[in-house]
Amino acid sequence: MELNVIYNKDCLEGIKELPDNSVDAVITDPPFFLGVTHNGQKGEYSDLIIMKPFFSGLFFEINRVLKNTGKAYICTDWRTYPFLYPVLSEYLPIKNLLVWYKGDSGGNQYMNSHEFVIFCSKGGEINIGDENTIKIPGFAAGAKRTNGQKLHPTQKPVELFEKFILDSTNKDDTVLDCFMGSGTLAIAAIKTKRNYIGFEIQEKYCKIAQCRINKFTGDFHSKIENFNNEINLFT
C-alpha cells in the first residue's frame, strides 16, 4: 500500500492490507455514533453496544500495525468515552486522557467547550512535559481564520493534529488516520514532513481531501482551476 494516499475504503478492510509494525502513530477521529436511533426514538447509550465488534476489530488492527514504540490518539467526547475506553484498553496501553479545550461552541446545558482524546503508547515513552489540557480553537471559536472553510461536520483544526504528530513522531515517520474526512491529518503530516496513510469510506470526502491537499502543496496538475468551485461540486 502506497504512502501519502487517501484510500476510498472501509477502514476495517483497508487497514488489514498494512504490514505489521509499519505505522509510527495513529491519529484519528472516529464517529461518535450519537445519532443511533431505534423506531424513530433517540438512541440510548446502551445502543452503542452494536458497534463493539467494529471497534474491537479496528483496535486489534491498530495494535498490529503500530510499531513497538507507536502512539495512538483517539478522539472522542464525554458520551462515547465510557464505551470506547474498555474496548480500546483490551488492545492498547492507555496512558492518559487529553482534554482538547476548543473554546465556545454553543449548547443550552452549559457550553460544549471541550472534547477528549484518548492517548495510547506501546512503548518508547516520550517526555512531552505539557499539561493534558490542550487549548486550540475549534471552528466555532475561530479556527476558520487559520484553517479556511469548514469542509466536514466534525473537522478538527490542523494545529491539533500537528501537535500530536510533533509530540510523538520524527521526520519521515508514517502516521495513519482511519477516518480521514476532509484530510486534516494529511495536511498536518505534509506540514511536519511526515508520511501519511488515510482511509475514508465516503468518496466525496476523498475528493474534497485531495483538492485540499493539492491546494496546500500547489499541485494543480489535476486541472483544479478553482478550489472553492471544486468543493461546491462535492458538498
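**Close-up views of a predicted model**

View 1. Leaving aside residues up to four places away in sequence, Phe 116 touches Ile 74, Cys 75, Thr 76, Asp 77, Trp 78, Tyr 81, Leu 97, Leu 98 and Val 99. The C-alpha atom of Phe 116 is separated by 9.6 Å from that of Thr 80, a residue 36 places away along the chain.

**View 2. Strand S6 and its pairing with S7 and S8.** Strand S6, residues 94-101, pairs with S7 in the antiparallel sense, and this pairing runs over seven bridges. Within it, Tyr 101 has His 114 of S7 as its bridge partner. S6 also pairs with strand S8, residues 133-135, here in the parallel sense and over three bridges. In this second pairing, Val 99 stands opposite Thr 133 of S8.

**View 3. The largest nonpolar core.** In soluble globular proteins, nonpolar side chains tend to be buried together. The largest nonpolar core of this model has 30 residues, and those with the most contacts inside it are Ile 15, Phe 55, Leu 58, Ile 62 and Leu 176. At least two residues of this core are supplied by each of helix H1 (11-14), strand S2 (23-28), helix H2 (52-65), strand S5 (66-76), helix H3 (81-89), strand S7 (114-121) and strand S10 (195-199). H2 provides the largest share of the core, namely six residues. Leu 176, when residues up to four places away in sequence are not counted, touches Ile 15, Leu 18, Val 23, Ala 25, Val 26, Ile 27, Val 65, Leu 185, Ile 197 and Phe 199. Apart from this core lies another, of 27 residues, which includes Ala 25, Ile 136, Val 175 and Ile 213.

**View 4. The stacked rings of Tyr 73 and Phe 164.** A search of the whole structure finds 10 aromatic pairs. In the pair formed by Tyr 73 and Phe 164, the ring centres are 4.3 Å apart and the planes meet at 10°, so the pair is stacked. Because Tyr 73 lies in strand S5 and Phe 164 in helix H5 (residues 158-168), the pair ties together parts that are 91 residues apart in sequence. Tyr 73 is buried, with a relative accessible area of 2%, and Phe 164, at 1% relative accessibility, counts as buried too. An aromatic cluster is formed by Phe 54, Phe 55, Phe 59, Phe 83 and Phe 179.

View 5. A disulfide is a covalent bond between the sulfur atoms of two cysteines. With a cut-off of 2.5 Å between the sulfur atoms, the count for this model comes to zero disulfides. Cys 11 is in no disulfide, and the nearest cysteine sulfur, which belongs to Cys 178, is 5.2 Å away. Cys 11 counts as buried because its relative accessibility is 4%, and Cys 120 is buried with a relative accessible area of 1%.

**View 6. Helix H6 and the elements packed against it.** Helix H6, residues 184-191, is mostly covered, since six of its eight residues are buried. The buried residues in H6 are Thr 184, Leu 185, Ala 186, Ile 187, Ala 188 and Ala 189. These buried residues pack against S1, S2, H5, strand S9 (174-177), S10 and helix H7 (203-217). Lys 193, which follows H6, has a positive phi near 65°.

View 7. Asn 4 is not a glycine, although its phi is positive, at about 60°. Asn 4 is found in the segment before strand S1 (5-7), and it counts as partly exposed because its relative accessible area is 36%. Asn 21, likewise a residue other than glycine, has a positive phi near 55°. Asn 21 has its place in the loop between H1 and S2, and at 42% relative accessibility it counts as partly exposed.

Definitions and conventions:
Residues numbered from 1 in each chain as written. Predicted model: local features only at pLDDT ≥ 70, side-chain atom pairs only at ≥ 80, totals over all residues. Heavy atoms only, no water. Buried < 20%, exposed > 50% of the residue type's maximum accessible area, 1.4 Å probe, protein only. Core = buried A, V, L, I, M, F, W, Y, C linked by side-chain atoms within 4.5 Å. Helix = DSSP H or I, 4+ residues; strand = E, 2+ residues; numbered from the N terminus. Contact = heavy atoms within 4.5 Å. Phe/Tyr/Trp six-rings, centres within 6.5 Å; stacked < 30°, edge-to-face > 60°. Pairing = 2+ DSSP bridges.
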